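My notes follow the order in which I looked.

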Amino acid sequence: MAGVWRTRQLRPSVQAVLRVLGVAACYYAAGRLGLLGRLVVEGVVVTPIWPPTGVAVAALLLYGMRVWPGIALGSLLVIASLTTPTFSTLITVASNTAAPLCAYLLLRRVGFRLDVSRLRDGLALVFLAGLGAMLISSTAGVGLQAWAGQLAGRDFWPVWLAWWVGDAMGVLLVAPLLLVAVRGRPRMRRWKEAMGLALAACVIVPVTVLSPISLLFLVFPLLIWAALRFQLTGSVLCALFASVLTTFEANAGRGAFLHLSGVEIMTKLQAFNGTAALTALLLSSVIAEQRTTRRSVQRACQELAELLEHLAAGEPTPQLTTGDAAQAGPGGPRAAARGEDRAARPPP
């Protein structure tokens, strides 16, 4: 019996450790993927989209604050894969952990819903978790390099802006997709339209990115289509696909980024990625909120119609209580009964 009791006590601990290790592994894998699209701005390596921030925020929203050691461990592994860890590495790891924690606490404070089904959820994810909380990691990371003499003072703001936007894009593009993948239920309705959308994305996005003429604006009708018909899943997938492909072309200096300097490439790329993410996230949340409101109104109308049918047939309605009948008017149910008797008498 004692052995069974110990086993039951160890199970939550083992699950917690496995969950932390899983978060660390996902963080490290996302970091390695993000480094594939890295750019050099003023001699500093930055990533236009940093997926680990999205992984960290999604993990905290799904599993709570107990998984923060996994975020710290994953950040340490990513840094160790690039350079030899030093004392300053601890500060970077701390800032990379504190930023998602701050985003999680802010989202909890405003009552964030994991399905991002309201406009306030989309706005909170953008301005609190993305643009707000990621100020911690970008300021600490770039400030540490400037303090160590690895970054000139005139290069501080371009590098800081690139770092901040990259961390924010990870939250805006990766975190909603992970939340939908873990908690959402796949629906096979409109699969033909989904295939048509995927085919259109595979044709339109490469054409707009690879063309030397600036045609990146042609991606936005595709994002609107995805948001209107498939809400968060479709719009974020389209935005992520367009942003990733655009990032690789910007890294190669081809297509819409031909003959541009490093700062110009980063500015144009971040403007496109940010606009695409905001369009996909906010528009899909607005559509989801409108659909939820419409379903609520339809249910209320259906319940009201059933209530009127019961009243017309003279049947007792389970929804109408004694207190409700007393509040229906002066005289309460007796007055209603007298009214029915008078209505039943033939006119003189």
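**Ground rules.** I am working from a predicted model, in which local features need pLDDT of at least 70, side-chain atom pairs count only at pLDDT 80 or more, and totals for chains, interfaces and linings use all residues. Residues are numbered from 1 along each chain as its sequence is written, and side-chain values use heavy atoms, with hydrogens and water left out.

**Whole chain.** I counted 12 helices and 2 strands, taken as DSSP runs numbered from the N terminus (helices H or I, at least four residues; strands E, at least two). The order along the sequence is α-β-β-α-α-α-α-α-α-α-α-α-α-α. Of the 348 residues, 41% count as buried, meaning under 20% relative accessible area with a 1.4 Å probe, protein chains only.

**Helix 2.** I looked up residues 51-63, which form helix 2. Its 13 residues reach 18 Å from first C-alpha to last, close to the expected 18 Å, which is 1.5 Å times one less than the number of residues. Helix 2 is mostly covered, with 11 of 13 residues buried; among them are Pro51, Pro52, Gly54 and Leu61. Just after the helix, glycine 64 has a positive phi of about 90°.

**Core.** Which residues have the most contacts inside the largest nonpolar core? They are Leu61, Leu107 and Phe112, in a core of 76 residues. Such a core is a set of buried Ala, Val, Leu, Ile, Met, Phe, Trp, Tyr and Cys residues joined through side-chain atoms within 4.5 Å. Helix 7 (residues 156-183) gives the largest share, 15 residues. Leaving aside neighbours within four places in sequence, I found leucine 107 in contact (heavy atoms within 4.5 Å) with Val57, Leu61, Phe112, Ala124, Leu125 and Ala129.

**Serine 137.** I found serine 137 in helix 6 (residues 134-147). Serine 137 counts as buried because its relative accessibility is 2%. Its side chain makes a polar contact of 2.7 Å with that of aspartate 167; the term covers N or O pairs within 3.5 Å, with one atom able to donate a hydrogen and the other to accept it. Beyond four places in sequence, serine 137 touches Ser95, Asn96, Ala99, Trp163 and Asp167.

**Second largest pocket.** I noted 34 lining residues, with Ile79, Leu82, Thr92, Gln145 and Trp163 nearest the centre. Helix 4 gives the most to this lining, 6 residues.

Methods
Buried < 20%, exposed > 50% of the residue type's maximum accessible area, 1.4 Å probe, protein only. 1 Å grid on protein atoms, 1.4 Å probe; cavity = no way out; pocket = protein on both sides within 12 Å on 5 of 7 lines; lining within 4 Å.
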